[in-house]
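My notes follow in the order in which I checked things.

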Amino acid sequence: MEEADQGPKSPDIFPEVGEDAVNAVPSSLTEEEQAELHSELAKVEDEIQTLSQVLAAKEKQVAEIKRKLGITPLNEFKQNLSKGWHEVTTSTAYKKTSETLSQVGQKATTAFSSVGTAISRKLEDVSIRSIQHSASMPVMRNTPTFKSFEEKVETLKTKMSPTPSTGDTEEVSESTPDGEPVAEHPEGTCPPDQKTH
């Protein structure tokens with residue numbers, strides 16, 4: 001009894017680990033304290049058992065109500081998925097990522113458009129040069145190979161050319177790469193700056 005009057009003591013031994021810890025009873029507890037703890041343990045275990053039974057009964061009740069309402073597990077899954085997707089799309093991280101991807105897409109579109117425009121201009125330059133060159137060689141221009149090549153270039157030019165927004169295509173097709181107007185020469189004659197080979 002003197003031990004109880006002195007207040008709580010710190011245990012001199014370390015808690016045991018393993019099977020021995022289950023069967024070991026700390027020596028600092030009196031028989032009354034042990035009996036009281038065993039009683040409390042039994043009481044808590046009974047409460048846990050009762051709560052488990054109540055929970056199981058409530059789960060059955062919920063399942064029955066859902067069945068009567070026509071709520072199936074698939075419908076619940078769809079609702080949960082929809083709710084989760086809504087939460088994701090309204091999140092700040094999603095919005096920032098979406099904005100960033102949108103900006104990247106716009107920049108990529110601009111870059112591809114610029115590349116397409118450059119290729120289109122190059123093809124126009126090649127086409128204009130080949131037409132100028134072919135004007136000086138009427139015999140070659142009438143060959144099937146040259147006509148086929150010319151058709152392919154025109155097809156590529158048509159496919160690669162962006163739709164004109166201001167009507168600048170007239171000016172491009174009527175000028176050389178240097179910006180000088182293309183002078184038409186009668187068939188069989190050469191421009192003064194070009195020599196026949």
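The side chain of Glu64 meets that of Arg67 in a salt bridge, at 2.4 Å from N to O, where a salt bridge is a side-chain nitrogen of Lys or Arg within 4 Å of a carboxyl oxygen of Asp or Glu. Arg67, with 57% relative accessibility, counts as exposed.

I noted that Glu64 and Arg67 both sit in helix α3, three residues apart, which is about one turn of the helix. As a reminder to myself, an α-helix has 3.6 residues a turn, so residues three or four places apart point the same way. Helices here are DSSP runs of H or I with at least four residues, strands are runs of E with at least two, and both are numbered from the N terminus.

Before going on I recorded the conditions: this is a predicted model, in which local features need pLDDT of at least 70 and side-chain atom pairs count only at pLDDT 80 or more, while totals for chains, interfaces and linings use all residues. Residues are numbered from 1 along each chain as its sequence is written, and side-chain values use heavy atoms, with hydrogens and water left out.

How many salt bridges does the structure hold? I found two, and the other one joins the side chains of Glu76 and Lys66, again at 2.4 Å from N to O. This pair links distant parts of the chain, since Glu76 belongs to helix α4 and Lys66 to helix α3, ten residues apart. Glu76 is partly exposed at a relative accessible area of 26%, and Lys66 is partly exposed too, at 27% relative accessibility.

I then checked the helix lengths, taking the expected span as 1.5 Å times one less than the number of residues. Helix α3 covers residues 31–69, and its 39 residues should span 57 Å, which agrees with the 57 Å between its end C-alpha atoms. After α3 comes Gly70, whose phi is positive, near 80°. Helix α4, residues 73–89, has 17 residues and reaches 24 Å from first to last C-alpha, close to the 24 Å expected. I counted zero buried residues among the 17 of α4, so this helix lies largely in the open.

Next I searched for aromatic pairs and found one. Trp85 is exposed, at 54% relative accessible area, whereas Tyr94 is partly exposed at 33%.

Last, I took the whole-chain values. The protein has eight helices and zero strands, and buried residues make up 7% of its 197 residues. The mean pLDDT, the predictor's confidence in each residue from 0 to 100, is 74, and 62% of the residues reach 70 or more. Over residues 1–8 the pLDDT is below 50, and beyond near neighbours in sequence this stretch has one contact in the model, a contact being heavy atoms within 4.5 Å.

Key. Buried < 20%, exposed > 50% of the residue type's maximum accessible area, 1.4 Å probe, protein only. Phe/Tyr/Trp six-rings, centres within 6.5 Å; stacked < 30°, edge-to-face > 60°.
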